[in-house]
Amino acid sequence: MNIAIVGTGYVGLVSGACFSEMGIDVTCVDIDTDKIDRLRRGEIPIYEPGLDELVNRNVEAGRLHFTTDLTECLDNVEVVFSAVGTPPDEDGSADLKYVLEVARTFGRNIKKYTILVTKSTVPVGTARKVKAAIREELDKRGEDIDFEVASNPEFLKEGAAIKDFMSPDRVVVGVESERAQKVIAKLYRPFLTNNFRVYFMDIPSAEMTKYAANAMLATRISFMNDIANLCDLVGANVNMVRKGIGTDARIGNKFLYSGCGYGGSCFPKDVKALAHTGREYGYAMGVIEAVEATNERQKSIVYDKLRRQLGDLRGKTVTLWGLAFKPETDDMREAPALVVIDKLLADGATVKVYDPVAMNECKRRIGDSVVYCKDMYDAVIDSDAVALVTEWKQFRMPSWSAMKKLMKSPVIVDGRNIYDRHELEDEGFVYTAIGQ
């Protein structure tokens with residue numbers, strides 16, 4: 001079976017590599033010539049554990065190809081996946097210009113029945129616009145070629161994307177015909193041989209499912225952060241509260257960890273887009289808008305706690321452990337670390353940073369406004385406080401005795417609640433967490 005995937009970003013490249021691993025012939029398409037040249041040389045433009053090995057293995061096997069021109073492979077494929085970006089506009093809506101450009105290219109060039117599957121996260125109703133764009137191009141050609149559109153939103157977690165794709169807990173597909181359903185079922189059957197967990201539904205429901213899933217997860221995070229902040233005020237411990245409610249089968253224990261806010265490419269964008277869709281239809285998504293507002297406030301919580309511990313920050317040196325929005329990625333889109341850095345610098349502090357993989361990404365974003373350190377211990381030398389922002393594994397069990405000797409003052413702000421208060425206080429540190 002031959003397919004094409006347009007877009008070699010996070011979703012497109014992971015999807016292409018995983019499909020090819022199952023024996024499918026995949027052509028990944030991107031208009032970025034430099035990116036395609038790098039991929040052909042075996043250079044992976046994004047950080048995802050195991051992806052470089054997977055890509056290179058399937059390129060060598062002749063199952064994975066890269067091009068800048070969709071028309072080169074369009075005659076030979078049965079399915080085209082659109083995995084291009086949908087960046088947020090200023091009003092929070094998803095910008096569909098890349099999605100619609102793929103649709104127009106598809107309509108200008110198909111010669112036989114082909115399915116265009118939208119894998120990008122798009123608002124409800126996008127499939128109608130995609131279909132209209134294709135039909136318009138076919139009408140210009142005076143052609144009546146049979147085609148279909150479908151929706152197949154991704155649910156990959158950065159840092160565990162390959163595992164998620166190869167063994168998904170579910171695959172959601174919106175289709176309009178049994179013919180399209182059979183083709184896409186054939187594509188996914190190798191991944192789900194023991195338990196075929198593909199849920200076929202109408203296209204608007206598939207489009208909405210992606211937004212609803214991310215909004216629910218974001219809601220749980222913001223809810224627990226709100227509870228944690230109240231715990232700080234009333235003297236309760238959010239870790240105890242989490243255990244107390246997480247054992248309720250109706251609630252469960254996933255995504256109940258408090259911290260310094262969510263970031264990344266999905267939750268912030270999708271929450272904004274869902275709220276915007278509500279406004280378009282004259283409906284205020286009160287819960288969703290509150291989730292976003294709570295998260296924006298929470299991104300400042302580490303800074304607020306540093307201010308309370310250190311007072312005037314002018315002339316102080318603060319170390320941040322972690323820059324990426326989560327571990328196992330170099331993604332800093334909407335990362336809480338960026339908010340903390342901005343506020344510390346505005347107050348006249350010197351900021352030292354260390355992250356296992358996101359240092360280059362940080363430098364690309366903010367330049368040399370912070371001090372980049374060679375390792376986690378180099379970063380704490382002469383520091384007035386250390387703030388944990390991203391819970392990388394290597395930060396979990398530092399040598400507190402060594403740190404105390406290196407730091408100017410023993411202040412720890414734990415933005416992810418991973419340390420034991422009693423252990424740190426026994427070592428002589430002033431320890432502050434969230435909701436404890």
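This report covers aromatic pairs, charges over rings and cysteines in a predicted model.

## Basis

Residues are numbered from 1 along each chain as its sequence is written, and side-chain values use heavy atoms, with hydrogens and water left out. In this predicted model, local features need pLDDT of at least 70 and side-chain atom pairs count only at pLDDT 80 or more, whereas totals for chains, interfaces and linings use all residues.

## Aromatic pairs

The whole structure holds 13 aromatic pairs (rings of Phe, Tyr and Trp, the latter by its six-membered ring, with centres within 6.5 Å; planes under 30 degrees apart are stacked, over 60 edge-to-face, the rest tilted). Among them, Phe19 and Phe191 are edge-to-face, at 5.7 Å centre to centre and 80° between the planes. Phe19 is buried at 0% relative accessible area, and Phe191 is buried at 7% (buried means under 20%, exposed over 50%, partly exposed in between, with a 1.4 Å probe and protein chains only).

Ring pairs join Phe19, Phe81, Phe165, Tyr188 and Phe191 into a cluster.

## Charges over rings

The charged end of Arg170 lies over the ring of Phe155, 3.8 Å from its centre, and that of Lys363 over the ring of Tyr372, 4.8 Å from its centre. The criterion is NZ of Lys or CZ of Arg within 6 Å of the ring centre and within 35 degrees of the ring normal.

## Cysteines

No disulfides are found in the whole structure (cysteine sulfur atoms within 2.5 Å). The sulfur of Cys231 is too far for a bond, because its closest cysteine sulfur, in Cys260, is 17 Å away. For Cys260 the closest is in Cys362, at 15 Å, also too far for a bond. Cys231 is buried at 5% relative accessibility, and Cys260 is buried at 1%.
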